[in-house]
Amino acid sequence: MLEVNALRKVYDGHGRRVEAIADLTFSVGEGEFACVVGPSGCGKTTLLKCIAGLLAPTSGEARIDGTPVTGPPTGLAVVFQEYGRSLFPWLRARDNVELPLRAAGLPRRTRHGLVEEALRAVGLGDVHGAYPWQLSGGMQQRVAIARAIAYGPRVLLMDEPFAAVDAQTRADLEDLIRSVWQRLGVTLLFVTHDIDESVYLGQRVIVLSAAPTRVAEDIAIDLPAARDQLTTRGDPRFAELRGQIYAQIQKAKHGSTR
Amino acid sequence: MRYERALLGLVGLAGFGAVLEVAPRIGLVPARYAPPSSRIVAALADEAGQARFWTAVLETLRSWATGLAIAVAAGVALGVLIGSVPVLREATASTIEFLRPIPSVALIPLVVVLYNPVRSTLVLVVYAAFWQVLVQVLHGVADVDPVARDTAHAYRFGRWTRVRYLVWPTALPYAVTGVRLAASVALILAVTGELIIGAPGLGQEIAVAQASDSVPQMYALVVTTGLIGLAANLVTRAGERLVLAWHPAVRREVLT
Amino acid sequence: MTSALRRAAALLTVPVLLVALWWYSSANSTDFYRPPLSRILVAFRETWFGARLADDVLPSLTRLLLGYAAALLLGVAVGVAVGTSYRLRALVEPILEFLRAIPPPVLVPIIMLVAGIGDLMKVIVIVSGCVWPILLNTVEGVRNVDEILADTCRSYRVRGMARLRHLVLRSASPQIVTGARQALSIGIILMVISEMFAASSGLGFTVVQFQRGFAIPQMWSGVLLLGLLGVLLSLLFRLAERRILRWYHGIRAIEREP
């Protein structure tokens with residue numbers, strides 16, 4: 001479904017070359033929930049932008065359904081970390097969700113149905129008419145998620161979407177994302193720097209090394225599919241997996257300083 | 001990157017000059033109305049050799065600078081005073097809102113019957129420039145951080161200390177923006193006064209050139225006013241950057 | 001109730017005092033050039049509530065609105081083009097810097113050469129002065145479009161006109177409004193000046209006629225009318241701005257809260 005082949009990205013500018021991604025190869029199957037974790041500054045966002053077609057890789061490629069990504073592909077939605085800057089402040093919540101559908105030329109009735117459904121799915125039944133800046137951070141990110149859901153993507157990319165919200169809201173949003181994923185059956189690539197979050201959410205965790213970035217390890221999360229903030233996080237297996245990933249990241253960090 | 005930018009800019013200017021040169025020569029526009037740029041430059045060179053031209057430039061600069069100085073001094077003083085006394089601020093708000101949009105040129109007939117041309121022009125310049133400064137300074141004073149204000153009260157700063165160390169530094173960037181806006185408005189009114197009321201200066205020279213139908217000369221004088229305007233913009237913007245460099249926050253023009 | 005009274009008092013005290021001061025200090029004025037306010041007001045009613053409203057006031061306002069609207073269209077269109085393209089901007093920036101530095105009134109004699117002394121000349125004069133603040137502010141606004149919003153548009157495939165309408169113009173709108181406000185006051189100045197130069201009707205023309213014919217109270221009334229028009233137009237502008245920039249002022253109000 002989603003393949004990354006020998007992807008490499010070098011930033012060139014001001015006479016300085018920065019190799020953000022050395023060589024990345026992995027694939028995510030149809031309907032899979034994969035998390036990407038890595039030490040800070042390891043080019044997670046760069047990777048995501050390359051897959052989203054917002055940035056051209058220096059060499060290698062990303063493929064979706066076998067088609068190489070050259071620009072933003074159809075059927076792919078992105079949820080950015082900076083919810084405050086990814087929602088249009090001059091559009092009300094409902095219009096923010098509706099805009100991509102309008103640009104796609106869907107008829108009005110279909111649009112309204114989708115918007116309604118998406119906002120309900122993220123638990124925002126009653127704030128349609130509010131502007132994003134009138135909402136709390138968590139609610140803003142819900143609007144951004146609703147926009148992605150309404151767009152009906154086959155692939156959903158999320159770039160540290162909960163990094164800027166408080167812990168309580170974060171737990172709620174994690175459960176929301178799990179339920180959305182289970183219901184829609186989308187292929188989900190979730191970038192985060194938080195190890196606990198990656199274990200709690202994903203079916204699989206791809207651990208990246210420090211820059212220049214490679215895949216350090218690819219770990220299957222064999223926790224039960226029904227997850228719960230209390231019991232899952234209390235599961236001894238959870239602690240084990242977390243420890244394993246933590247060790248990997250420490251190794252990746254020290255590996256790069258050598 | 002920077003060289004490319006400068007190069008493109010030069011290419012643009014050269015292209016602009018070339019179009020103005022060629023268009024009248026091939027009859028795209030009548031040469032009588034729009035002389036080729038080479039003739040404008042020649043006329044400008046000719047003007048630059050005459051004492052009369054330089055006198056006019058100095059006259060324009062003088063009424064511009066005098067008017068601007070008076071407006072800035074009055075605008076800053078009144079702005080800080082009104083802005084830091086809440087009662088005054090409240091009482092004058094409506095009056096300021098009413099007087100500010102009155103177009104300064106509306107006063108032309110009035111000042112013409114009341115004063116001589118030079119004085120009339122000065123009044124117009126001061127009136128137009130004053131509001132720009134005053135309004136910006138008022139916004140600046142209102143922008144003083146409430147926590148800093150409370151701190152100043154808690155430490156029992158005197159009124160003067162408060163103005164000197166709290167109000168003025170906050171208002172300064174706004175004031176500089178006000179000066180920049182005022183400078184260009186002041187130039188507009190200075191030449192307007194010369195053009196319409198007949199105060200000595202470049203505006204009057206343009207009127208004379210128009211009356212005597214010497215078109216290239218007229219263009220040359222217009223270009224001169226443009227160059228003065230350009231210089232004024234560059235200087236005030238450089239001043240603004242200098243002041244803003246001291247400040248952590250980069251200010252925008254306030255939307256009122 | 002008391003706070004409303006207080007506000008009304010704050011609003012009205014100084015203006016009422018000033019008018020009263022003018023009224024009493026000029027009541028017994030024998031100065032030919034400074035007639036009593038009462039006579040100016042009588043002249044105001046006799047002069048402007050009659051044929052002159054249709055013959056002078058309306059033509060002036062029509063020319064102003066035509067010129068202003070044309071300048072808005074032209075300034076925003078060119079501003080968007082220049083703001084979007086780096087090369088175009090580098091190419092034309094020095095020319096624009098020079099052209100906007102020319103004080104617009106000196107263009108009146110030149111425009112008279114080309115366009116004669118009719119309505120067309122006056123409209124062109126107004127356009128030639130109003131267009132610069134709008135154009136340059138639009139360029140600035142378009143350049144500062146938020147990167148993440150632009151990425152959001154790309155990945156949700158919001159392109160072409162939809163992108164222009166919902167992203168570019170809206171995010172530049174606070175700057176465009178700033179330019180439009182400066183342009184309005186320049187427009188009023190140029191409306192009056194172009195009529196003082198050469199005209200057979202219009203406010204500027206009539207007021208100068210009064211002055212030359214030593215009809216001093218009528219002249220004062222004309223000055224008063226010009227002032228009132230300036231105030232009225234700026235009020236209308238503010239109403240329009242409040243609608244267009246509701247989101248912007250909303251955000252600013254929230255930011256200002258502690």
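**Contacts, salt bridges and burial**

Modeller: Between chain C and chain A the count is two salt bridges. Bear in mind that the model is predicted.

Colleague: What makes A:Arg85 and C:Asp146 a salt bridge?

Modeller: The N to O distance between their side chains is 2.7 Å. The cut-off is 4 Å, so the pair qualifies.

Colleague: How do you know that chain A and chain B are not in contact?

Modeller: No contact joins them, and their closest C-alpha atoms lie 10 Å apart.

Colleague: Which of the pairs in contact shares the most contacts?

Modeller: Chains B and C do. There, 57 residues of chain B are in contact with 59 residues of chain C. About 5400 Å² is buried between them, 72% of it on carbon and sulfur atoms.

Colleague: Why quote an area at all?

Modeller: Because the size of an interface is often given as the accessible area lost when the parts come together.

Colleague: How many salt bridges cross the interface of chain B and chain C?

Modeller: The rule finds five. In one of them, C:Glu93 pairs with B:Arg5, with the closest N and O atoms 2.7 Å apart.

Colleague: Why is the pair A:Arg154 and A:Glu30 called a salt bridge?

Modeller: Their closest N and O atoms are 3.3 Å apart, which is within 4 Å, so the pair meets the rule. The two residues are 124 residues apart in the chain: A:Arg154 is in the loop between α5 (137-150) and β7 (155-159), A:Glu30 in the loop between β2 (16-28) and β3 (33-37).

Colleague: Why is A:Glu30 called exposed, and why is A:Arg154 called partly exposed?

Modeller: A:Glu30 has 56% relative accessibility, over the 50% limit, so it counts as exposed. A:Arg154 is at 39%, between the 20% and 50% limits, so it counts as partly exposed.

Colleague: B:Arg25 and B:Glu21 also form a salt bridge. Why is B:Glu21 called buried, and B:Arg25 exposed?

Modeller: B:Glu21 has a relative accessible area of 19%, under 20%, so it is buried. B:Arg25 is at 55%, over 50%, so it is exposed. Both lie in helix α1 of chain B, four residues apart, about one turn of the helix.

Colleague: What makes A:Cys35 and A:Cys50 buried?

Modeller: A:Cys35 is at 0% relative accessibility and A:Cys50 at 2%. Both values are under 20%, so both residues are buried.

Colleague: How many disulfides does a search of the whole structure find?

Modeller: Zero, over all chains.

Note on methods: Residues are numbered from 1 along each chain as its sequence is written. Chains are lettered from A and ligands numbered from 1 in the order in which they are written. This is a predicted model: local features need pLDDT of at least 70, side-chain atom pairs count only at pLDDT 80 or more; totals for chains, interfaces and linings use all residues. Side-chain values use heavy atoms; hydrogens and water are left out. Contact means heavy atoms within 4.5 Å. Buried area is the accessible area (1.4 Å probe) that two parts lose on being put together, summed over both. A disulfide is a pair of cysteine sulfur atoms within 2.5 Å. Buried means under 20% relative accessible area, exposed over 50%, partly exposed in between (1.4 Å probe, protein chains only).
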